[in-house]
Amino acid sequence: MTAIKHALQRDIFTPNDERLLSIVNVCKAGKKKRNCFLCATVTTERPVQVNVVKVKKSDKGDFYKRQTAWALRDLAVVDAKDAIKESPEFDLHFDKVYKWVASSTVEKNTFISCIWKLNQRYLRKKIDFINVSSQLLEESVPSGENQSVAGGDEEAVDEYQELNAREEQDIEIMMEGCEYAISNAEAFAEKLSRELQVLDGANIQSIMASEKQVNILMKLLDEALKEVDQIELKLSSYEEMLQSVKEQMDQISESNHLIHLSNTNNVKLLSEIEFLVNHMDLAKGHIKALQEGDLTSSRGIEACTNAADALLQCMNVALRPGHDMLHAVKQQQQRFSDLREQFARRLASHLNSVFVQQGHDQSSTLAQHSAELTLPNHHPFHRDLLRYAKLMEWLKNTDYGKYEGLTKNYMDYLSRLYEREIKDFFEVAKIKMTGTTREGKKFATLPRKESAVKQETESLHGSSGKLTGSTSSLNKLSVQSSGNRRSQSSSLLDMGNMSASDLDVADRTKFDKIFEQVLSELEPLCLAEQDFISKFFKLQQHQSTSGTTTNEVEEMDGVALSRSYTSGVPQTVSSEKDMIRQMMTKIFRCIEPELNNLIALGDKIDSFNSLYMLVKMSHHVWTAQNVDPASFLSTTLGNVLVTVKRNFDKCISNQMKQMDEVKISKKSKVGILPFVAEFEEFAALAESIFKNAERRGDLDKAYIKLIRAVFDSVEKVANESQKTPRDVVMMENFHHIFATLSRLKISCLEAEKKEAKQKYTDHLQSYVIYSLGQPLEKLNHFFEGVEARVAQGIREEEVSYQLAFNKQELRKVIKEYPGKEVKKGLDNLYKKVDKHLCEEENLLQVVWHSMQDEFIRQYKHFEGLIARCYPGSGITMEFTIQDILDYCSSIAQSH
């Protein structure tokens, strides 16, 4: 390998001014083995460039040639494959990855070590060496030929130092003085040696000349040492003198420390005493207010409130460690507990008496409201009690048992008081509903005495609160035709100047106002009571935050009051909201059953009242939910709204049931069916009631059910009708339905309106065709035969040659229908149609005009056949189209 290296240096690298530092014999991995050499070289010129050169043996001879060269700065990674196991494989990452297999592991390690050294010396960019032993990178590879050569070259590189400009200039001057320096190096070296000896002698003489000065310096040093010894002796004497002073100062310092410690302890003791005195001392005025304070006057209540807050502040003071072991502190705490218990009992007793006293005063005012539909005002009662709100909060924080007892007593008393007031209030409402009109005159659509009305009203006040029958006699019309319905309604009136519909409207309007007044009175009553409960019992209503706090600091009159909640107090806002709901439910437990009784009475009076109640109740529920969806008022009205909705659904179901059970007279015309007229009445009433209402969707659903039931019932009655043709029943009633829907413009019934119009049009056409039939019957049969011959293939102009259809036969048939006979037939037809149609819908002229158009169409059809089948015959009808128009007009005018 050494010989190869010298040969490569001589033949390849020396001509290029390069030095070969390391060589390794390799072949490419995974291919047929064709050996080559990888060489690490450096240039001899500055700046030094380091290359990795691939050298390959020529195929034509034994000499080597340079194949590829890579700059070492382009080398990114050297991968030795395995840092532990010996492996001849390694990779060099230049522009791409080159995989090599060395002839031996030693050569590979030597080459990689050389690459690492060159990288450390010449390159700023560091190469990544992976899977390479750290020992290989830190030390040189063990001895060998390649090592000695590479190492020698490296040492030569390390020892070489370039001359600077000053050194080059000195050498040039020296060589100029000795012209023979280049030709005779030995003479030049001898001259340099002599000059060096002269310089050494001059240095020795200079040193000897400075000996005197050295001696003088030594003497000065000796004198300085003597002065130092004297200073040390004086310092020693001073230290001995200060030693006694130090001992005295230590004693004084210790004495001062003890004095300072004593002062500190005294200050701390004074601070503790001041803390206890300032925080656990209750003023005599507060004690007197708690023991004897007047709880009836505003000034006394204020004094008791301040005293109670001061007591609570003293009891809840945060004691420091060890304070609770002091006898005086224990005595003071016991005194505070006794004061709290005494004042809590006195406060609870007084508030209970206030509840009772206020109740008696309130009940005395009930008589003045008995005749009016108003509820007593509890604002004065609430105003007087709210003076004790802060004391109630104090009681809640200090003695929750007594606070809870007061809460129960308040609920028990108020529930009885409100029950009396609300029952009296609803009694007045029921009397007003069933007793008088707005003019003060009693009425009944069916004969009924005042005692019977009163008895019925009283029967509604029973414990069950249930009513039977959803449609009262006030609203039920058992009429079979429009004429009978009108006559019976007029016979039921007590006042000749009022119709039945006017009476119903007045009755329903009065009920609507009474029901609205009931809800308007109940709503502020409940809201005022709920607001009072929240303020008086210190319960949260609307806040949504929740959390448990054991200590609460409240700022009152500029003084920070620390409030500690006992373990039994509800501490979450949600539980306090539940408590408000529970209290309201117990206090107003009679509202929901009384409302249900009132609703049942209204439904019994008139089932259509459920429409008014649904709208009013929905509005009040919506208003209450906007204020507080979870409040007692919202919940109660929501429950009652369910009952109202059921009555509304029941009203709709009863109307549908009545449609299904309707019976028609077999001896009279049907006309406009009662349930069709009733649907018109219901729709007009509902549209006026539900205008801009929140529950419009419920009405739309009811409309769909009712209109489908009306359609089905009209079909059923039309099929069962014997006196009136089916088409007439369908035509008149669907025309009436279409007119009603067009007038009311109900958006959800647009499809039904179109369907009604289509049914009316279809049955009008069907009735016209059926009733008109064939007024020129023989002529019609004759031309049917003509059309049959044409259909068999006979040409139209040849039909006249048929024996049965010649011109003579046609003239005979035409002579049988002179104008006089035609007019007589039309007159009989008009009378027949008049008998079928009813006067209410006024469709006679519409039907007659349609029959006229149909007759003219038949006439034109006959004329057309005559013109096509009998051309040039001059045969015409005995009457003209103008005659038909005159006949129809004169018949209509005569009737």
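Predicted model: local features only at pLDDT ≥ 70, side-chain atom pairs only at ≥ 80, totals over all residues.
## Nonpolar cores

The largest nonpolar core holds 176 residues. Six of its members touch the most other members: Tyr 410, Val 518, Phe 588, Phe 690, Leu 779 and Val 847. Helix α13, residues 400–435, supplies the largest share of this core, with 15 residues.

A second core is separate and has 31 residues. Val 26, Leu 38, Phe 90 and Leu 123 are among them.

Leaving aside residues up to four places away in sequence, Val 847 touches Met 731, Leu 764, Tyr 767, Val 768, Val 833 and Leu 837.

## Aromatic pairs

The whole structure contains 28 aromatic pairs. One of them joins Tyr 403 and Phe 537. Their ring centres lie 6.1 Å apart and their planes meet at 75°, so the pair is edge-to-face. The cut-off for that class is over 60 degrees.

This pair links distant parts of the chain, 134 residues apart. Tyr 403 sits in helix α13. Phe 537 sits in the loop between α16 (500–536) and β9 (551–556). Both Tyr 403 and Phe 537 are buried.

## A stacked pair

Phe 588 and Phe 632 form a stacked pair. The distance is 5.9 Å centre to centre, with 25° between the planes. Phe 588 lies in the loop between α17 (573–587) and α18 (591–605), and Phe 632 lies in helix α20 (residues 632–661), so the pair ties together parts 44 residues apart in sequence.

Both partners are shielded by the burial criterion, under 20% relative accessible area. Phe 588 is buried, at 1%. Phe 632 counts as buried at 6%.

## An aromatic cluster

Ring pairs join seven residues into a cluster: Phe 355, Tyr 400, Tyr 403, Tyr 410, Phe 532, Phe 536 and Phe 537. The edge-to-face partners Tyr 403 and Phe 537 are both in this cluster.

## A buried glutamate

Glu 732 lies in helix α23, which spans residues 726–744. Its relative accessibility is 0%, so Glu 732 counts as buried.

Beyond residues up to four places away in sequence, Glu 732 touches Gly 671, Ile 672, Leu 837, Cys 838, Glu 841 and Leu 843. Leu 837 is touched by Glu 732 and by Val 847.

Definitions and conventions:
Residues numbered from 1 in each chain as written. Heavy atoms only, no water. Helix = DSSP H or I, 4+ residues; strand = E, 2+ residues; numbered from the N terminus. Buried < 20%, exposed > 50% of the residue type's maximum accessible area, 1.4 Å probe, protein only. Contact = heavy atoms within 4.5 Å. Core = buried A, V, L, I, M, F, W, Y, C linked by side-chain atoms within 4.5 Å. Phe/Tyr/Trp six-rings, centres within 6.5 Å; stacked < 30°, edge-to-face > 60°.
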